[in-house]
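Please read these notes with the structure open beside you, and take the points in order. They begin with the strands and then move on to the parts around them.

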Amino acid sequence: MSLHNLDNLYRQTIMEYAQHPHNYKPMLGTESYHVRKYNPTCGDIIDLAVNIDDDKVTDIYFYGDGCAISKASASMMTDLVSGKSKSQISQLVDQFSKMTRGEGGDFKSLGEAQILSGVTKFPTRVKCATLAWHALDELLVIEK
């Protein structure tokens with residue numbers, strides 16, 4: 001596959017997730033844990049909520065206003081971590097952070113979120129891609 005085709009696939013996947021985000025809904029008031037994060041660089045705002053039962057995420061969703069990368073990343077993240085334990089999620093957050101910093105490694109565990117590795121070429125977009133992941137990491141610390 002040519003580099004041009006890979007770039008188009010990257011853009012199409014990001015836009016599909018941004019236009020039709022998974023687990024995107026307003027806060028219900030029944031969340032076990034909730035956090036709001038703001039990215040002043042481009043104005044992204046995300047509210048992330050999780051319900052945790054017996055050390056596993058039983059429900060996770062987000063709401064907010066943000067760029068395509070921010071929404072797509074949050075959508076991919078919520079799909080990836082649903083049903084996982086806090087320790088599994090911590091490992092995924094660490095892997096995603098390493099990937100978006102351009103560190104080497106095997107990131108297959110990130111599933112479709114691997115496509116966001118391309119943000120390393122655009123340093124201002126790294127904050128967009130990591131916003132939801134930082135919110136999740138903060139929720140895991142609060143929950144302990």
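1. Two strands count as paired if DSSP finds at least two bridges between them, and strands of a sheet pair through backbone hydrogen bonds, either parallel or antiparallel. In this model, which is predicted, three strands form an open sheet in the order β1-β2-β3, and their pairing is antiparallel. Because β1 (33-39) and β3 stand at the edges, each with a single partner strand, one side of each is left without a neighbour in the sheet. From one strand to the next, the twist averages 20°.

2. Each pairing can be followed residue by residue. β1 and β2 pair in the antiparallel sense over seven bridges, and one place to look is Tyr 38, whose bridge partner in β2 is Ile 45. β2 and β3 likewise pair in the antiparallel sense, over nine bridges, and here Asn 51 has Asp 59 in β3 as its bridge partner.

3. The backbone at the turns and loops deserves a careful look. In the hairpin of β1 and β2, four residues lie between the strands, and Gly 43 takes a positive phi near 90°. Asp 55, in the loop between β2 and β3, has a positive phi of about 70° although it is not a glycine, and this residue is partly exposed, with a relative accessible area of 35%. Asn 23, which lies in the loop between α1 and β1, is another residue other than glycine with a positive phi, in this case near 60°; its relative accessible area of 32% makes Asn 23 partly exposed as well, because that term covers values between 20% and 50%.

4. Which residues touch the most other members of the largest nonpolar core? Of its 39 residues, they are Leu 48, Ile 69, Leu 110, Trp 133 and Leu 136. The elements that give two or more residues to this core are α1 (3-19), β2 (44-53), β3 (56-65), α2 (68-81), α3 (86-100) and α4 (123-143), and α4 gives the most, with 10 residues.

5. Helix α2 lies across β2 and β3, running at about 170° to β3. Ala 72 has its place in this helix, and Ala 72 is buried because its relative accessible area of 0% is under the 20% cut-off. Beyond its neighbours within four places in sequence, Ala 72 is in contact with Ile 14, Tyr 17 and Ala 18. Ala 72 and His 20 are 52 residues apart in sequence, whereas from C-alpha to C-alpha they are 8.7 Å apart in space.

6. How many cavities of 30 Å³ or more does a search of the whole structure find? The search finds one, and about 60 Å³ of space lies in the largest cavity. β2, β3 and α2 each supply at least two residues of its lining, with the largest share, four residues, coming from β3. Among the lining residues are Tyr 24, Asp 44, Ile 45, Phe 62, Tyr 63, Ser 70, Lys 71 and Ala 74.

Definitions and conventions
Residues are numbered from 1 along each chain as its sequence is written. This is a predicted model: local features need pLDDT of at least 70, side-chain atom pairs count only at pLDDT 80 or more; totals for chains, interfaces and linings use all residues. Side-chain values use heavy atoms; hydrogens and water are left out. A nonpolar core is a set of buried Ala, Val, Leu, Ile, Met, Phe, Trp, Tyr and Cys residues joined through side-chain atoms within 4.5 Å. Buried means under 20% relative accessible area, exposed over 50%, partly exposed in between (1.4 Å probe, protein chains only). Axes are lines fitted to C-alpha atoms, for helices over the stretch in contact, and angles run from 0 to 180 degrees between N-to-C directions. Contact means heavy atoms within 4.5 Å. On a 1 Å grid over the protein atoms alone, a cavity is a set of points where a 1.4 Å probe fits but cannot get out, and a pocket is an open set with protein on both sides within 12 Å along at least five of seven lines; lining residues have an atom within 4 Å of a point. Grid points are joined across faces, edges and corners, and a volume is the space filled by probe spheres set on the points.
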